[in-house]
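Please read the following briefing alongside the sequence and the model. It takes up strand pairing and then helix packing.

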Amino acid sequence: MKVRYEFVNGEISEIEVDDNLGELLVDFDRQEYNNDHKETRRHTSLDGMEYEGEAFLSPADTEEQVLKREDMARLLRAMEALTPAQRELVRRVYFENESIAAVARSEGVHESSIRERLRWIYKKLKKLLE
């Protein structure tokens with residue numbers, strides 16, 4: 001039986017082998033093909049995708065994300081300039097979504113007092129962020 005080999009450089013060589021060895025090599029080739037086929041059927045090869053195609057596009061705008069991060073960093077630096085009580089009020093109202101009425105009740109003050117504190121915090125943050 002003749003077995004054909006193709007080398008990486010493209011050179012092809014055929015050699016005569018015993019029938020038993022030839023059948024074994026053919027069986028190995030078939031098993032390798034089946035394993036490769038089974039494996040690639042579940043996956044998408046990156047080589048098969050278009051480089052600039054939709055598969056590589058980010059679902060979000062990268063520039064927009066960078067700007068949001070910069071804004072968040074500026075806001076966090078400005079928040080450090082607030083007093084601990086002011087930071088706590090901002091945390092409760094904006095990050096924990098606690099109502100102004102609930103904050104006022106827990107502190108034993110009128111809602112207008114909490115609104116006035118928030119107004120002063122807004123002014124301070126606006127000045128720091130300009």
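**Strand pairing and helix packing**

Strand β1 (residues 2–6) and strand β2 (residues 12–16) run antiparallel and are joined by five bridges. The model described here is predicted, and the points below are grouped by topic.

**The hairpin of β1 and β2**
- Within this pairing, K2 stands opposite E16 in β2.
- The hairpin has five residues between the strands, and G10 takes a positive phi near 95 degrees.

**Helix α4 against helix α5**
- Helix α4 (residues 100–107) packs on helix α5 (residues 111–129) at an angle of about 110 degrees, and their axes lie 8 Å apart.
- Because angles of 65 to 115 degrees count as roughly perpendicular, α4 is described as roughly perpendicular to α5.
- The crossing in which α4 passes α5 is right-handed, and the contact is made by I100, A101, V103, A104 and E107 of α4 together with E111, I114, R115, R117 and L118 of α5.
- By class, the residues of this contact of α4 with α5 comprise six nonpolar and four charged, with no polar ones.

**Helix α2 against helix α5**
- Helix α2 (residues 62–80) also packs with α5, at an angle of about 125 degrees and with the axes 10 Å apart, which makes α2 oblique to α5.
- The crossing of α2 and α5 is right-handed, and R74, L75, A78 and M79 of α2 make the contact with L125, L128 and L129 of α5.
- The contact of α2 with α5 divides into six nonpolar residues, no polar residues and one charged residue.

How values were computed. Residues numbered from 1 in each chain as written. Predicted model: local features only at pLDDT ≥ 70, side-chain atom pairs only at ≥ 80, totals over all residues. Heavy atoms only, no water. Axes fitted to C-alpha atoms, helices over the stretch in contact; angles between N-to-C directions. Helix = DSSP H or I, 4+ residues; strand = E, 2+ residues; numbered from the N terminus. Parallel < 35°, antiparallel > 145°, perpendicular 65-115°, else oblique. Left-handed = near helix turned anticlockwise from the far one by under 90°. Contact = heavy atoms within 4.5 Å. Nonpolar A, V, L, I, M, F, W, Y, C, P; charged D, E, K, R; others polar. Pairing = 2+ DSSP bridges.
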